[in-house]
Amino acid sequence: MKALLIVDVQNDFCPGGALPAPRANEIIPVINELMDRFEIIVASRDVHPPETLHFDKWPPHCVDGTEGALFHPELNILKIQKGFHKGTGNEDDGYSSFEATNENLNKYLLERKVTDLYIVGLTTEYCVKTTALDAVRSGYNTNLVEDAIAAVEPGSVNEMDAINEMKNAGVQVISSGDIQVD
Ligand code: VGL
């Protein structure tokens with residue numbers, strides 16, 4: 001089985017938010033369209049407490065109960081079967097969707113016989129990268145949909161390094177047009 005994993009398409013990571021990927025809005029229609037091609041669709045969110053060591057490194061973002069922590073309003077959330085919350089502790093970066101604390105993502109996927117993961121969302125250099133590296137380590141055939149991700153610093157060395165690190169780890173970089181209907 002294949003599954004679509006939507007990483008952190010939240011207001012705070014979109015233009016107008018606390019820690020925006022400048023081109024985040026461009027990927028949302030691509031993700032909405034991709035949902036028609038998957039039977040299994042899951043999504044992670046950063047859900048931080050108001051005070052956390054994570055905010056020593058970053059401006060406060062995705063604080064539980066705030067607008068910034070919500071999915072972007074244009075994302076078609078009706079098709080998301082399960083949400084995974086990460087970064088929920090006071091010391092917890094929670095970059096990877098596999099660090100979700102409300103439910104175990106790996107277990108959820110294994111129970112549904114998922115072998116192939118298609119990763120989309122925000123942000124390329126941090127949560128998308130860490131999630132994709134964990135996915136490879138956990139044994140999934142891991143695909144990164146390059147027209148459905150966005151970086152905090154588009155065109156930066158950091159973005160390029162992140163893509164290269166994922167490729168070197170065994171992540172396949174593909175385009176949304178390559179994905180067939182289930
Ligand atoms: C993220 C920076 C800090 C992300 C989360 O979702 O990529 N980036 N926290």
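The following legends accompany close-up views of a predicted model.

**View 1. The largest pocket and the residues that line it.** About 200 Å³ of space lies in the largest pocket of the predicted model. The lining is made up of 13 residues, and those closest to the centre of the pocket are Arg 23, Glu 146, Ile 149, Ala 150 and Glu 159. Three elements, α1 (24–34), β5 (141–150) and α4 (157–169), each supply at least two residues of this lining, and β5 gives the most, with four residues. Sorted by class, the lining has six nonpolar, two polar and five charged residues.

**View 2. The salt bridge between Asp 8 and Lys 86.** The closest N and O atoms of Asp 8 and Lys 86 are 2.8 Å apart, and the two residues form a salt bridge. Because Asp 8 lies in the loop between β1 (2–7) and α1, whereas Lys 86 belongs to strand β3 (residues 82–86), the pair ties together parts that are 78 residues apart in sequence. Both Asp 8 and Lys 86 are buried.

**View 3. The salt bridge between Lys 86 and Asp 46.** Lys 86 also forms a salt bridge with Asp 46, and here the closest N and O atoms are 2.8 Å apart. Lys 86 lies in strand β3 and Asp 46 in strand β2 (residues 40–46), so this pair ties together parts that are 40 residues apart in sequence. Lys 86 has a relative accessible area of 0% and is buried, and Asp 46, with a relative accessible area of 2%, is buried as well. Through salt bridges that share partners, Asp 8, Asp 46 and Lys 86 are joined into one network.

**View 4. The salt bridge between Asp 93 and Lys 57.** A search of the whole structure finds 10 salt bridges, and one of them is formed by Asp 93 and Lys 57, whose closest N and O atoms are 2.6 Å apart. The pair links distant parts of the chain, since Asp 93 is in the loop between β3 and α2 (105–111) and Lys 57 is in the loop between β2 and β3, 36 residues apart.

**View 5. Cys 62 and Cys 127, with no disulfide in the structure.** The structure holds zero disulfides. For Cys 62, which is in no disulfide, the nearest cysteine sulfur is that of Cys 127, 8.5 Å away; a disulfide would require the two sulfur atoms to be within 2.5 Å. Cys 62 is buried, with a relative accessible area of 0%, and Cys 127 is likewise buried, with a relative accessible area of 5%. In the backbone, Cys 62 is found in the loop between β2 and β3, and its phi is near 50 degrees, a positive value in a residue other than glycine.

**View 6. The cis peptide bond between Leu 122 and Thr 123.** Leu 122 and Thr 123 are joined by a cis peptide bond, for which omega is about -15 degrees. Thr 123 has its place in the loop between β4 (116–122) and α3 (124–137).

**View 7. Lys 113 and its positive phi.** Although Lys 113 is not a glycine, the residue has a positive phi of about 60 degrees. Lys 113 is found in the loop between α2 and β4, and at 64% relative accessibility this residue counts as exposed.

Notes:
Residues are numbered from 1 along each chain as its sequence is written. This is a predicted model: local features need pLDDT of at least 70, side-chain atom pairs count only at pLDDT 80 or more; totals for chains, interfaces and linings use all residues. Side-chain values use heavy atoms; hydrogens and water are left out. On a 1 Å grid over the protein atoms alone, a cavity is a set of points where a 1.4 Å probe fits but cannot get out, and a pocket is an open set with protein on both sides within 12 Å along at least five of seven lines; lining residues have an atom within 4 Å of a point. Grid points are joined across faces, edges and corners, and a volume is the space filled by probe spheres set on the points. Ala, Val, Leu, Ile, Met, Phe, Trp, Tyr, Cys and Pro count as nonpolar, Asp, Glu, Lys and Arg as charged, and the others, Gly among them, as polar. Buried means under 20% relative accessible area, exposed over 50%, partly exposed in between (1.4 Å probe, protein chains only). A salt bridge is a side-chain nitrogen of Lys or Arg within 4 Å of a carboxyl oxygen of Asp or Glu.
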